[in-house]
Amino acid sequence: MTNDETNGDGRFFMTLGLRRLALLTLAAAAAGLSGCATGMDPFQRPTDPHSAAAADVDRMVAAQREFPRWSKFPKAPQDVPPPAEFAVQVASLQASQNALITDAGKIQWYLKGDTRAWAQSVRSVIDPQYAQPAPPNAAAEASAWARELREKAVPPPIAK
């Protein structure tokens, strides 16, 4: 039978389905929110007195009862540059990046033919002192220098 033969509206079943879906959604929301109406506070639950850790748990919770005060938060920095200065610094950084990309694009990355002439030209630019292998005691000297700097360092004062 067709829709016309039954004198029915074809949307009847669809609207019935939407009504059921709406009722189920409403029922689920009510069930979910009913837990809030019980008056049970999950953050104030007592410790199980039969637990072996009850004393330790109570002691640790009691030690952390005080919440931070807004007055204890650090003040906002006052020496922050204005946005225009940030924009200038960003533009400068982008300009130097573009210059670097342009310079890197000019480099001949693949060598063709005899590479001895190229190697000699590079060696003539590099300081010979830096082209040599590190001396055997370089690691010990670097460690001693770092230790000396650490001994001289003074940590910043702790703000109170």
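We are looking at a predicted model, where local features need pLDDT of at least 70, side-chain atom pairs count only at pLDDT 80 or more, and totals for chains, interfaces and linings use all residues. Residues are numbered from 1 along each chain as its sequence is written, and side-chain values use heavy atoms, with hydrogens and water left out.

Confidence comes first. pLDDT is the predictor's confidence in each residue, from 0 to 100. The protein averages 81, and 83% of the residues score at least 70. Helix H7, residues 138-152, is highest at 94, and helix H1, residues 3-6, is lowest at a mean of 56. Helices here are DSSP runs (H or I, at least four residues), numbered from the N terminus.

Now the charges. How many salt bridges does the whole structure hold? Three. The rule is a side-chain nitrogen of Lys or Arg within 4 Å of a carboxyl oxygen of Asp or Glu. In helix H7, Glu-148 and Lys-152 are four residues apart, about one helical turn. Their side chains meet at 3.3 Å, N to O. Arg-59 and Asp-56 pair at 3.5 Å, both in helix H3. Arg-116 and Asp-114 pair at 3.1 Å.

Next, the rings. Trp-70 and Phe-73 have ring centres 4.9 Å apart and planes at 35°, so the pair is tilted. The cut-offs: centres within 6.5 Å; under 30 degrees is stacked, over 60 edge-to-face, the rest tilted.

Last, the surface. Val-57, Met-60 and Val-61 make a nonpolar patch of about 230 Å². Patch residues have over 30% relative accessible area and no salt bridge, with nonpolar side chains (Val, Leu, Ile, Met, Phe, Trp, Tyr) joined within 5 Å and like charges within 9 Å. Areas come from the Shrake-Rupley method with a 1.4 Å probe; for residues, only the protein chains shown count as cover. Val-57 sits in helix H3, residues 54-63.

Technical notes. Helices (H or I, at least four residues) and strands (E, at least two) are DSSP runs, numbered from the N terminus. Rings of Phe, Tyr and Trp (its six-membered ring) pair if their centres lie within 6.5 Å; planes under 30 degrees apart count as stacked, over 60 as edge-to-face and the rest as tilted.
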